[in-house]
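Colleague: I have a few questions about how the terms are applied here. Please set each value against its definition.

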Amino acid sequence: MGGILGMEGYTGYLVVAWGVTALVVIGNVVAARRQFRRTQARLRQQLERWSSRRPAGARQVQGAAGD
Amino acid sequence: MWTWFFRLASPPHFYALAGRLSTWLLAPAAVLLVIGTWGGLILAPPDYQQGDAFRIIYVHVPSAYLSMLIYVTMAVAGAIGLIWRMKLAHAVAASCAPIGASFTFAALVTGAVWGKPMWGTYWEWDPRLTSELVLLFLYFGYMGLRGAFENLTQADRASAVLAIAGVVNVPIIHFSVIWWASLHQGPTLSKLEAPSISGDMLWPLLTMILAFTFFFLGVLAMRVRAEVLEREVQSRWAQDVLRGASPVGVN
């Protein structure tokens, strides 16, 4: 093998193919983390809004876990 | 026998499990990606016909394999959600779509980039390429359909039906090179009696396929956590998690 930078003139194709795949892999992790943080932040705000609307002394939460 | 299944389907249990799983799946995925990349780019010898251009196989095949695996996962999860009315299954299906679309895109781009030096063109309306493009449109259609509904239950049901109907495209993609005259090369790995790739080229490919599979499951676990939290915000356990006072077993 002629080394990574001298692959029989195919270096450009290899860089694009591997680069796009690397972007997709990294992008998936970044997008998943951002989605989780944004969802958490939005739901926390939603909970705060619900809490502020409830009359004093009312039950804080309702419903049980489960499907 | 079904106890573990129903326990797994419990949102708080699954939420906690997915949090641990994402780390335990992404760590080996990263290690395997490094080993597979080293093996594919450095250790594997050049192909006698394609030279070093064949090294695109190490990102193209795992991406194409994932694009189909994720679609089948999405369709099976959608079917489970429809049949057993399991909200968690719909959350899994919804989480699969963006991951699958991104790897279908990667498969198409890497295939096009590989096609130019080998076939002399980036794109040809070949059965394999066209059916893979249809798969990308199915993912887009699935996400678009989900976004069109305000009611989550309706979105779950309609998108599950689309996912199940679209799964017929997966065997078409896989067998297209056998059923029709195709510019695309025939099966490389699925010929179990004699894989048409030598051992020193094969092991990095299998390593990359394994790495991509771990990666998909790890990212899926991360995405499903957000979906579950969203769907369970009315529940006490989800509110405890959001307030930072999570009950035992949920973190």
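Colleague: What makes the radius of gyration of chain B agree with a compact globule?

Modeller: The radius of gyration is taken over C-alpha atoms, and the globule rule is 2.2 Å times the number of residues to the power 0.38. For 251 residues that rule gives a value near 18 Å, and chain B has 20 Å, so the two agree. This is a predicted model, where local features need pLDDT of at least 70 and side-chain atom pairs count only at pLDDT 80 or more, while totals for chains, interfaces and linings use all residues. Residues are numbered from 1 along each chain as its sequence is written, and chains are lettered from A and ligands numbered from 1 in the order in which they are written.

Colleague: How many helices and strands does chain B have?

Modeller: Helices (H or I, at least four residues) and strands (E, at least two) are DSSP runs, numbered from the N terminus. By that count chain B has nine helices and zero strands.

Colleague: How many residues of chain B are in contact with chain A?

Modeller: Contact means that C-beta atoms, placed from the backbone, lie within 7 Å. On that basis 45 residues of chain B touch 34 residues of chain A. H4(B) gives the most to this side of chain B, with 14 residues.

Note on methods
Two residues are in contact if their C-beta atoms, placed from the backbone, lie within 7 Å.
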